[in-house]
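Subject: Structure handover

Hello,

Here is the structure I said I would pass on. My notes on helix packing and the nonpolar cores follow below it.

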Amino acid sequence: MILKAINRSPGYKKIMTIVSLLNKETVNPKLKASDKDDLLDQLINLLSKKVDDEELQRIRDAVLQRESIMSTGVGKGLAIPHGKARGLAHSYAAFALLDEPVEYNAIDNQPVKMVFLLVGPESENSLHIKMLSRISRLMNNEDFRKQLQECESAEQIMNTFKVEEERYFGVQEG
């Protein structure tokens, strides 16, 4: 889904939003994971209704390859695993709040409580970097992270992202 800036003046810019990549099937408000590998596996599997088995395996390979280079545990209880995979037509995302924190080898050595997965086509490097930046900017807000932690359903999580994205970036669904 492509979204438009609130300012509808000529030449408005079309913007992909974070919330446009999420739906009830790709958001888990109470994910139970035994460790980092289990967490990544379950998070990637949330995309199984969006892509076929071959694409899912390419996504898994891309995310695990990126994770092997350097942990995507960015601190503050957050991880943003990501990767670019050949053959994908679109960007995909999944988000989970963890039932119990998981050790993730994060930069601050703190366990992870929430995880945002972003994957996209190899050919869309610029969009991928912009979306990672957008996720990072939103998630850097402590109040926003607290609001997410209080959510009990996928719908509440998506609405929290939508409201914060509109507030921070001034975009709404078009």
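In which helix does Thr 160 lie? Thr 160 is part of helix H5. Please keep in mind that this is a predicted model. Thr 160 counts as buried because its relative accessible area is 12%, and the cut-off for buried is under 20%. Not counting residues up to four places away in sequence, Thr 160 touches Phe 144, Gln 147, Leu 148 and Cys 151.

Helix H5 also packs against another helix. The axes of H3 (residues 125-139) and H5 (residues 154-169) come within 11 Å of each other and cross at roughly 100°. That angle makes H3 roughly perpendicular to H5, because angles of 65 to 115 degrees are put in that class. On the H3 side, the residues in the contact are Arg 134, Arg 137, Leu 138 and Met 139. They meet Phe 161, Glu 164, Glu 165, Tyr 168 and Phe 169 of H5. Sorted by class, the contact of H3 with H5 has five nonpolar and four charged residues, and no polar ones.

The crossing of H1 past H2 is right-handed. From H1, the contact takes in Lys 36, Leu 40, Asp 41, Ile 44 and Asn 45. From H2, the residues they meet are Leu 56, Ile 59, Arg 60, Val 63, Leu 64 and Glu 67. By class, the contact of H1 with H2 has six nonpolar, one polar and four charged residues.

Next, the cores. The largest nonpolar core has 26 residues, and Leu 47, Ile 59 and Leu 117 are those with the most contacts inside it. At least two residues of this core come from each of H1, H2, strand E7 (92-102) and strand E8 (112-121). E7 gives the largest share, five residues.

What is Leu 47 in contact with, leaving aside its neighbours within four places in sequence? The list is Thr 26, Leu 56, Ile 59, Tyr 92, Ala 93, Ala 94, Leu 117 and Val 119. Of these, Ile 59 and Leu 117 were named above with Leu 47 as having the most contacts inside the largest core. Another core, of 25 residues, lies apart from the largest one, and among its residues are Val 27, Ala 93, Phe 116 and Met 158.

Regards

Definitions and conventions. Residues are numbered from 1 along each chain as its sequence is written. This is a predicted model: local features need pLDDT of at least 70, side-chain atom pairs count only at pLDDT 80 or more; totals for chains, interfaces and linings use all residues. Side-chain values use heavy atoms; hydrogens and water are left out. Axes are lines fitted to C-alpha atoms, for helices over the stretch in contact, and angles run from 0 to 180 degrees between N-to-C directions. Helices (H or I, at least four residues) and strands (E, at least two) are DSSP runs, numbered from the N terminus. Angles under 35 degrees count as roughly parallel, over 145 as roughly antiparallel, 65 to 115 as roughly perpendicular and the rest as oblique. Contact means heavy atoms within 4.5 Å. Ala, Val, Leu, Ile, Met, Phe, Trp, Tyr, Cys and Pro count as nonpolar, Asp, Glu, Lys and Arg as charged, and the others, Gly among them, as polar. A crossing is left-handed if the near helix is turned anticlockwise from the far one by less than a right angle, and right-handed if clockwise. A nonpolar core is a set of buried Ala, Val, Leu, Ile, Met, Phe, Trp, Tyr and Cys residues joined through side-chain atoms within 4.5 Å. Buried means under 20% relative accessible area, exposed over 50%, partly exposed in between (1.4 Å probe, protein chains only).
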